[in-house]
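Q: I'd like to learn how to read a model like this one, feature by feature. Can you walk me through it?

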Amino acid sequence: MNSLDPRVNRLPQLKEVVLPKAPLDQFGTYEVFVQPKEGRPFQHEGIVHAPNLELAWVLAKEAFTRRFTCTSLYVVDTRDVYVSPLTEGDKNAYDLIPEITEQAGNKKNFEIYHLVKRGKQHVHVGTVQAVLPQEAMQLAGKQFNNGKIVYNVWAIATDTIRFTTDEEKELWLTLPEKKFRDASDYKGGDKLKAFLEKR
């Protein structure tokens, strides 16, 4: 194809075959969960790209907990999150989870997360013991389905999670004193109100 730019037209014509690009070798994704205050449930905050679980924890700490008060976080490989169908309106996700018989084998803990409002985060509601994540969701429906609409359910095997250790929690002890990081500490609304009242 001819170009209007004479410099392009002077380029040599290559006769070699252009091979398709190799698949992208991007890092995998890891889900990040944060506990904003002691005693509050963990909630999903976002994802990070990382080569492994340990570095994902470090990157999550830097990306999600530098500018607000936090007491703990954990990360898990996105592939280890078992996800229910996503619903809308007045449909409950638990109604779409197929019934399965109780599985034989060693039971393990699964962390259960609910999405109860579209556009918000998934929030931890409890732990169940099951062999498979499908079974965990079914048990969660019996234990945590309290009549409110749940738009989506996540089940995550506890042993796949990289938790924050008690020693690592010291990383966040200084944050409450650094109020300058929090926009609400500047009380912009109060100052604006006082300024308008003076006028």
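Q: Which residues do ring pairs link into a cluster?
A: The general idea comes first: a pair of aromatic rings is described by the distance of the centres and the angle of the planes. Here, rings of Phe, Tyr and Trp (its six-membered ring) pair if their centres lie within 6.5 Å; planes under 30 degrees apart count as stacked, over 60 as edge-to-face and the rest as tilted. In this predicted model, the cluster joined by ring pairs takes in Phe33, Phe42, Tyr74, Tyr113, Trp154 and Phe163. Searching the whole structure turns up five aromatic pairs. In one of them, the ring centres of Phe33 and Trp154 are 6.2 Å apart and the planes sit at 85°, so this pair is edge-to-face. Phe33 belongs to strand β1 (residues 28–35) and Trp154 to strand β7 (residues 152–157), so the pair ties together parts 121 residues apart in sequence.

Q: Before we go on, what ground rules apply to the numbers and the model?
A: Residues are numbered from 1 along each chain as its sequence is written, and side-chain values use heavy atoms, with hydrogens and water left out. As the model is predicted, local features need pLDDT of at least 70 and side-chain atom pairs count only at pLDDT 80 or more, while totals for chains, interfaces and linings use all residues.

Q: Are Phe33 and Trp154 buried or exposed?
A: Buried means under 20% relative accessible area, exposed over 50%, and partly exposed in between (1.4 Å probe, protein chains only). Phe33 and Trp154 are both buried. Across the chain's 199 residues, 34% count as buried.

Q: How many helices and strands does the chain have, and what pattern do they follow?
A: Helices (H or I, at least four residues) and strands (E, at least two) are DSSP runs, numbered from the N terminus. This chain has four helices and seven strands, and along the sequence they run α-β-β-α-β-β-β-β-α-β-α.

Q: How do I read a nonpolar core, and which residues have the most contacts inside the largest one?
A: Think of a set of buried Ala, Val, Leu, Ile, Met, Phe, Trp, Tyr and Cys residues joined through side-chain atoms within 4.5 Å. The largest such core has 15 residues, and the ones with the most contacts inside it are Tyr94, Phe110, Ile112, Val128, Ala136 and Val153. At least two residues each come from β5, β6, α3 and β7, and α3 gives the most, with four. A second, separate core has 13 residues, among them Val32, Cys70, Val75 and Trp172.

Q: What does Ala136 touch?
A: Contact means heavy atoms within 4.5 Å. Setting aside residues up to four places away in sequence, Ala136 touches Phe110, Ile112, Val128, Ala130 and Ala155. For the chain in general, take contacts between residues at least 6 apart in sequence: 64% of them join residues at least 24 apart.

Q: Now for charges. How many salt bridges are there?
A: The rule looks for a side-chain nitrogen of Lys or Arg within 4 Å of a carboxyl oxygen of Asp or Glu. It gives seven salt bridges. Let's start with Lys107, which bridges Glu102 at 3.5 Å, N to O. Lys107 also forms a salt bridge with Glu135, where the closest N and O atoms are 3.5 Å apart.

Q: Which residues are linked in a network of salt bridges?
A: Glu54, Arg162 and Glu168 are. Arg162 has another feature to show you. A charge sits over a ring if NZ of Lys or CZ of Arg is within 6 Å of the ring centre and within 35 degrees of the ring normal. Arg162 lies over the face of Trp57, 4.3 Å from the ring centre.

Q: Where is Thr71 found, and what is it in contact with?
A: Thr71 is in the loop between α2 (53–64) and β3 (72–77). With 16% relative accessibility, Thr71 counts as buried. Beyond its neighbours within four places in sequence, Thr71 is in contact with Gln35, Pro36, Lys37, Glu38, Lys169 and Trp172.
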